[in-house]
Each structure stands twice: as structure tokens, then as C-alpha cells.
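Here are a few notes to read with the structure open beside you. Take them one at a time and find each part as you go.

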Amino acid sequence: EAFGEHGRRHHSAVIWDEGLHVEALLYYPRRFPEAVHVGGPRQQTDLLPTLADLLGVELRGGLLPGTSLLRPVPADRTLYHAGWIENQSMALRQGTRKFIYHYDREPMEVYDLASDPFEEVNLADRYTPEALEAATFALLRWRRRVNDRYRK
């Protein structure tokens with residue numbers, strides 16, 4: 001939910017971490033009698049591969065887009081995010097850097113989540129136009145790949 005942190009007061013277009021960062025708890029005491037913290041950049045698509053791992057199920061005939069929470073991920077793993085309203089905003093996260101694209105209705109935003117976890121200091125002016133354009137094109141390519149999967 002957005003409570004005015006970035007000028008928004010709703011939930012449909014919150015692309016900053018106050019709307020994206022959601023704590024999760026998996027309870028499986030026979031496998032994990034003690035609490036375990038899962039590190040690294042994660043996303044919802046990691047849940048199905050995790051459940052398959054926990055249940056000992058081998059999935060065949062397809063490719064799951066996520067990575068099991070029981071397996072490590074690179075610290076610079078790329079994550080993509082989109083708002084609920086189509087063509088509102090998208091975000092690309094690589095390691096601690098996060099690029100937010102607003103479909104040219106607002107300037108691109110760039111944050112370093114390690115030093116600025118509340119996304120208060122926009123660093124976009126420190127990036128070349130080419131770097132910002134590369135992030136924009138990466139997001140647009142991702143969106144096209146996702147949409148193409150639904151059109152099949």
C-alpha cells in the first residue's frame with residue numbers, strides 16, 4: 001500500500017519497495033525446526049519451485065521462471081516489476097540498483113537500495129542517457145516477453 005511515501009495513496013501503481021517488498025513466512029517444522037532466513041533478491045515466481053523442492057516433486061515438460069528459495073541466487077540477480085495498471089510504471093532491479101520507468105510520463109528514477117532503502121534520493125542524474133535508455137529497453141523487452149506468453 002502507498003501512504004504518501006512517493007506521492008501516491010493507493011495500491012495499484014506502487015512500484016517502490018513499500019509496495020513491492022513483502023515479508024513471507026514458510027512454515028515446515030519437519031524440514032526446518034529452527035528459523036532460517038533466506039537471502040538474496042527474491043520474487044513471487046520463486047514460490048512454485050520452492051514448493052516443488054519441499055515436496056520432492058520433479059517438474060517435467062516446462063520451465064519455471066523462478067528459483068527455489070532453498071537454492072542460492074546471485075547477488076546481482078535481475079528482477080522485474082510492473083504495476084497493476086498496465087502502462088503505468090515498471091521497475092528493473094539489478095543487485096542493489098533499481099530503475100523505475102513511467103512510460104515517459106515522468107522522468108526515470110534510479111535508486112541504490114543498499115544506501116537508500118526508502119528510495120528517497122533519485123540518482124538518475126548520475127547516469128548517462130544511454131544507461132537510462134538501456135534500462136528502459138530492458139524493461140520494454142521484458143514486458144513484451146511476458147505479454148507474448150499470454151498471447152499463445
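This is a predicted model: local features need pLDDT of at least 70, side-chain atom pairs count only at pLDDT 80 or more; totals for chains, interfaces and linings use all residues.

1. Now look for the largest pocket. Which strand gives the largest share of its lining? That is β1, with five residues. β1 covers 78-82, and α1 (17-20), α2 (47-55) and α3 also supply at least two lining residues each.

2. The space in this pocket comes to about 1,900 Å³. There are 48 residues around it, and those nearest its centre are Val22, Arg42, Gln43, Gln44 and Asp46. Sorted by class, the lining has 26 nonpolar, 12 polar and 10 charged residues.

3. Next, the largest nonpolar core. In soluble globular proteins, nonpolar side chains tend to be buried together. This core has 13 residues, and the members touching the most others are Met90, Leu92, Phe99, Tyr101, Met108 and Val110. Two or more residues each come from β2 (90-94), β3 (97-101) and α3 (129-151). The top contributor is α3, which gives five.

4. Zoom in on Phe99. Setting aside neighbours within four places in sequence, Phe99 is in contact with Met90, Ala91, Leu92, Met108, Glu109, Val110, Tyr127, Leu132, Ala135 and Leu139.

Key: Residues are numbered from 1 along each chain as its sequence is written. Side-chain values use heavy atoms; hydrogens and water are left out. A nonpolar core is a set of buried Ala, Val, Leu, Ile, Met, Phe, Trp, Tyr and Cys residues joined through side-chain atoms within 4.5 Å. Buried means under 20% relative accessible area, exposed over 50%, partly exposed in between (1.4 Å probe, protein chains only). Helices (H or I, at least four residues) and strands (E, at least two) are DSSP runs, numbered from the N terminus. Contact means heavy atoms within 4.5 Å. On a 1 Å grid over the protein atoms alone, a cavity is a set of points where a 1.4 Å probe fits but cannot get out, and a pocket is an open set with protein on both sides within 12 Å along at least five of seven lines; lining residues have an atom within 4 Å of a point. Grid points are joined across faces, edges and corners, and a volume is the space filled by probe spheres set on the points. Ala, Val, Leu, Ile, Met, Phe, Trp, Tyr, Cys and Pro count as nonpolar, Asp, Glu, Lys and Arg as charged, and the others, Gly among them, as polar.
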